[in-house]
Amino acid sequence: MLAMQSLRGAVKHAGSGPRLLFAVRHVSSSSQHFGRARPLSCTDTDQPKVLITGGLGQLGVGLAKLLRRRFGKNNVILSDIRKPPNHVYHSGPFIFSDILDYKNLREIVVNNNISWLVHYSAVLSAVGESNVALAKEVNITGLHNILDIATEHGLRVFVPSTIGAFGPSSPRDPTPELCVQRPRTIYGVSKVHAELMGEYYHHRYALDFRCLRYPGIISADSQPGGGTTDYAVQIFHSAVKTGDFECNLRSDTRLPMMYIDDCLRATLEILEAPAESLLSRTYNINAMSFTPQDLTQEIQKALPDLKVTYNVDPVRQAIADGWPMALEDSAARRDWGWKHEYDLSELVRTMLSHIATSNQLAQAS
Ligand code: AKB
């Protein structure tokens, strides 16, 4: 799970609460030029003020780091319901936020003059299947709160979708932007719901909704939790630590994957893209596809002693068997210049060197 949201307390949003929905014509806060290497020339106060929910999941801390470099440390607030580790607490603003508590969210948006919201709180595919009630609460009720708050306050809002928004009846190789979407997980159903609700709010209330369908994301410093693609992160840590890895997917399961730096850069790029360049509000992004066997062979080029055994988890395997093998992403490449940088060999080289460096640092301290 990207970040577990609390179910403590009543869900204030349902049936009550401040749901003043009115059309808010969002004026782009971006006077910036779209592009990667733009130097910061504005003062901190010209920048968007960003709130990241589910900030202690796999992606939040990395995104906060990237956005803080771009917009200034104090303009990016990381939030979660859990206490952050010291290095996160000391790296920039961190606050408690519970996406199931509408009043708490509204208070944060108002008190901090938030203009952009990145909504990373979610329960991922495998955990969702073992706790459907929690997944519904976090991924659907939480999303409703986010969309209503964003509409009420004229925010730009980014919500990630996923390869999990497709299912066995979707074309799988490659999966187009627009095709049958009949996922068989609560995670997938909630993400299709998020795509449709965000696009509906965009057309109905002019909400500045932006959404990317992420592949499985691979990162060294932060671990995912409860996903179907998690094996592709865990294998690196096991390869370096013990040299043995037990994989819970079949060796020939091909899935789309992406290195975290590409994913975070894509997120910043779509957030900064001028509204008029976005012919769509939900985009596929693709980088590479591989099977556990392909990944093992690539890691073995550096660590030949790595031994991988297979103990297939039927729940995860059934999920993966209905997911895309690759995403067709020409619209993102055309509309806002998306281009991935990491392929399989670059991914493996980078992951192994990051993990080796952090292990050395941990041993030295
Ligand atoms: C999961 O496996 O559930 C996620 C995803 C692909 O959305 N990593």
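Helix H8 gives the lining of the largest pocket its largest share, 8 residues, where helices are DSSP runs of H or I with at least four residues, numbered from the N terminus. This is a predicted model, in which local features need pLDDT of at least 70 and side-chain atom pairs count only at pLDDT 80 or more, while totals for chains, interfaces and linings use all residues. Residues are numbered from 1 along each chain as its sequence is written, and side-chain values use heavy atoms, with hydrogens and water left out.

A pocket here is an open set of points on a 1 Å grid over the protein atoms alone, where a 1.4 Å probe fits and protein lies on both sides within 12 Å along at least five of seven lines; lining residues have an atom within 4 Å of a point.

Of the 33 residues that line the largest pocket, Gly62, Lys65, Asp221, Asp261 and Leu264 lie nearest its centre. Helices H1 (60-71), H2 (86-89), H8 (260-272) and H12 (344-364) each supply at least two lining residues, and domain 1 (50-219 + 257-284) and domain 2 (228-255 + 288-326 + 342-364) each contribute at least three, the domain bounds coming from an automatic or database assignment.

For the second largest pocket, helix H6 (residues 186-205) provides the largest share of the lining, 4 residues; the lining includes Glu177, Arg213 and Ala331.

| Pocket | Volume | Lining by class |
|---|---|---|
| Largest pocket | about 920 Å³ | 11 nonpolar, 9 polar and 13 charged residues |
| Second largest pocket | about 220 Å³ | 4 nonpolar, 3 polar and 4 charged residues |

Each volume is the space filled by probe spheres set on the points, which are joined across faces, edges and corners. Ala, Val, Leu, Ile, Met, Phe, Trp, Tyr, Cys and Pro count as nonpolar, Asp, Glu, Lys and Arg as charged, and the others, Gly among them, as polar.
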